[in-house]
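Colleague: I have a few minutes before the next run. Can you put the model up and take me through the charged pairs and the cavities?

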Amino acid sequence: MNTATTTRTTQEQEALQAIERLVAFALEHRLIEPLDEDYSRNLLLELFGFSEPYLESDPLEPLAGPQPALDVLIDYGLQLGLIPENTDTYRDLLDAKIMGHLMARPSEIVREFNQLADTEGIEAATDRFYQLSIDSNYIRMDRVNKNVYWEHESEYGTIEMTINLSKPEKSPKEIAMAKLLPPPVYPKCQLCRENVGYAGRVNHPARQNLRAIPLALNGEPWFFQYSPYVYYNEHCIVFHHDHVPMKLTKDSLRRLLAFVDHYPHYFIGSNADLPIVGGSILTHDHFQGGRHTFPIQHAPKEAIFSHPEFVGATVSIVKWPMSVLRLTGKDSSVLLELADSIYEAWKQYSDPAADILAFSEENGEKVRHNTVTPIVHRTPDGSYEMDLVLRNNRTSAEFPAGIFHPHEEMHHIKKENIGLIEVMGLAILPGRLKEELDLTAGILAGDSDLYEALMQQEEHALKLHKPWIGQLVAKYGTDHSKEEAWQIVQSEVGSIFVEILGHSGVYKRTDAGKEAFRRFVTHIGCSPEQQ
């Protein structure tokens with residue numbers, strides 16, 4: 001035994017072992033090449049203040065994933081003062097820094113991606129890049145796997161339900177600290193290309209283990225990367241080279257169609273470009289895509305139309321709680337012109353009888369309210385399919401959060417914007433619901449003390465759900481097994497989400513709503529196809 005190791009503390013020994021195991025993991029999973037082994041090890045030794053590596057000859061147990069060794073090193077880093085507090089935010093900052101020392105440079109990752117795409121095809125390239133994003137702990141699968149998932153059977157087919165636990169929540173102290181910091185100057189937002197390799201700070205995540213692939217869309221510079229929170233399989237983000245705001249135009253639709261030429265095994269879509277009906281980041285132009293078949297793609301066509309100016313393409317009204325026009329055709333250029341004509345017509349279209357107004361006047365200025373959420377994918381026969389989901393962001397005295405937005409009685413389950421992913425039938429519910437719904441199921445399973453406390457205490461943990469829980473108790477009683485109770489709660493939450501989608505639809509699923517939807521389709525020059 002080396003004499004230096006005999007004076008090591010147990011925690012130092014464990015940290016050295018963790019470094020060795022991480023280096024071995026990085027080699028095995030090709031995060032680094034054999035010639036990088038000593039280099040990467042030395043970077044980690046320096047980071048943690050060691051002058052020599054683990055020198056024992058006994059073999060160390062290999063890692064299935066990096067997290068166990070990272071936790072050892074982060075605990076040791078806390079002891080050394082590398083992070084000031086033991087919170088998820090600070091642990092994540094050190095986590096990314098460690099893994100950044102175990103990755104190839106961006107140019108090497110891009111070179112490998114392009115070589116794989118050329119020699120083995122784009123699917124092989126994305127398979128490798130996705131796995132690299134997991135192995136580098138950029139995508140923290142240990143958190144993603146904690147997400148709650150279930151399926152809900154509805155009149156519109158199977159709806160996917162998730163409670164998102166993968167995005168860490170900040171402590172009250174961190175939130176207060178972030179408010180004291182000046183507005184971000186660099187990177188301007190979490191989608192900027194400058195995030196690659198960025199060390200992060202308390203109000204901005206570390207991204208030393210992030211890599212992005214350059215992508216040309218219609219001759220313009222864009223980038224392709226994966227989302228660290230992967231709400232679905234191979235959840236990717238395609239973002240503009242520059243920090244330019246989202247603006248949905250004909251060029252946007254053209255880029256979506258171009259993307260599925262490059263990545264025919266992926267779908268891609270854009271959030272709407274207006275507040276309330278848009279996504280959470282409107283300051284940086286971007287799309288979201290991935291390798292997942294969403295419930296909306298299984299939704300049947302209720303009526304099929306054609307347009308005399310766009311031969312070879314069809315327009316269909318889709319049976320879905322939101323208002324969806326599905327455009328299908330083999331020629332992407334024809335589909336682009338058709339989609340743009342519909343979009344431009346919708347931006348100007350009003351139908352007061354259906355409570356749809358394209359514009360309002362605020363402070364003497366004309367304010368636009370109509371936009372779309374577009375989604376594109378390729379069908380098995382190689383055709384292009386584009387769903388245009390009609391959106392309107394008007395508010396009213398009755399619905400101050402948005403007329404076509406989750407209404408207030410739904411806010412105990414979800415009050416956030418209904419964006420692209422949820423439009424397609426995948427609910428992303430807030431993490432708070434995991435415990436709240438579990439407690440609700442407990443009441444249905446006979447926890448009378450909890451129910452009595454909820455009814456009597458104004459400031460109860462379940463106060464947001466109080467009216468709803470009362471309805472559940474009246475409907476189902478409180479003598480269920482915990483498993484039965486949880487199934488009831490899941491089913492009821494699924495029904496609420498479907499109703500939320502209905503709130504967000506501009507044309508309601510009533511006879512009058514369906515008739516109004518057809519008025520718009522006729523207005524844009526389409527005629528029913530002969531069945």
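Colleague: Is R254 buried, partly exposed or exposed?

Modeller: R254 is partly exposed, at 28% relative accessibility. Buried here means under 20% relative accessible area, exposed means over 50%, and partly exposed is in between, with a 1.4 Å probe and protein chains only. Keep in mind that this is a predicted model, where local features need pLDDT of at least 70, side-chain atom pairs count only at pLDDT 80 or more, and totals for chains, interfaces and linings use all residues. Residues are numbered from 1 along each chain as its sequence is written, and side-chain values use heavy atoms, with hydrogens and water left out.

Colleague: Which residue does R254 form a salt bridge with?

Modeller: D251, with the closest N and O atoms 2.5 Å apart. A salt bridge is a side-chain nitrogen of Lys or Arg within 4 Å of a carboxyl oxygen of Asp or Glu. D251 is partly exposed too, at 34% relative accessibility.

Colleague: How far apart are R254 and D251 along the helix?

Modeller: They are 3 residues apart in helix α10, residues 250-262, so about one helical turn separates them. Helices (H or I, at least four residues) and strands (E, at least two) are DSSP runs, numbered from the N terminus.

Colleague: How many salt bridges does the structure hold?

Modeller: The structure holds 35. Another one joins the side chains of D381 and K330, at 3.3 Å from N to O. D381 sits in the loop between β13 (370-378) and β14 (384-392), and K330 in the loop between β10 (324-329) and α12 (332-348), so the pair ties together parts 51 residues apart in sequence.

Colleague: And D381 and K330, buried or exposed?

Modeller: D381 is exposed, with a relative accessible area of 52%. K330 counts as exposed as well, at 56%.

Colleague: What does R519 pair with?

Modeller: R519 forms a salt bridge with D351, and the closest N and O atoms are 2.7 Å apart. That pair links distant parts of the chain, 168 residues apart: R519 is in helix α18 (residues 511-523), and D351 is in the loop between α12 and β11 (359-362). R519 is partly exposed at 33%, whereas D351 is buried at 7%.

Colleague: Changing topic. Where is N195, and is it buried or exposed?

Modeller: N195 is in the loop between α9 (172-180) and β3 (213-217). N195 is buried, with a relative accessible area of 2%.

Colleague: What lies 2.7 Å from a polar atom of its side chain?

Modeller: The backbone oxygen of C192 lies at that distance from a polar atom of the N195 side chain. Leaving aside neighbours within four places in sequence, N195 is in contact (heavy atoms within 4.5 Å) with P187, C189, Q190, H204, R207 and L210.

Colleague: Now the cavities. How many are there of 30 Å³ or more?

Modeller: The structure holds 1, and the largest cavity has a volume of about 30 Å³. On a 1 Å grid over the protein atoms alone, a cavity is a set of points where a 1.4 Å probe fits but cannot get out, while a pocket is an open set with protein on both sides within 12 Å along at least five of seven lines; lining residues have an atom within 4 Å of a point. Grid points are joined across faces, edges and corners, and a volume is the space filled by probe spheres set on the points.

Colleague: Which residues line the largest cavity?

Modeller: I109, E112, F113, A125, R128, F129 and L132. The elements giving two or more residues to that lining are α6 (106-119) and α7 (122-135), and α7 gives the most, with 4 residues.

Colleague: What is the volume of the second largest pocket?

Modeller: About 380 Å³. The second largest pocket is lined by 17 residues, of which Y39, G100, M103, A104 and R105 lie nearest its centre. α3 (37-47), α5 (88-100) and α6 each supply at least two residues of its lining, and the largest share, 3 residues, comes from α3.

Definitions and conventions
Polar contact = N/O pair within 3.5 Å; in protein donor to acceptor, adjacent residues only side chain to side chain.
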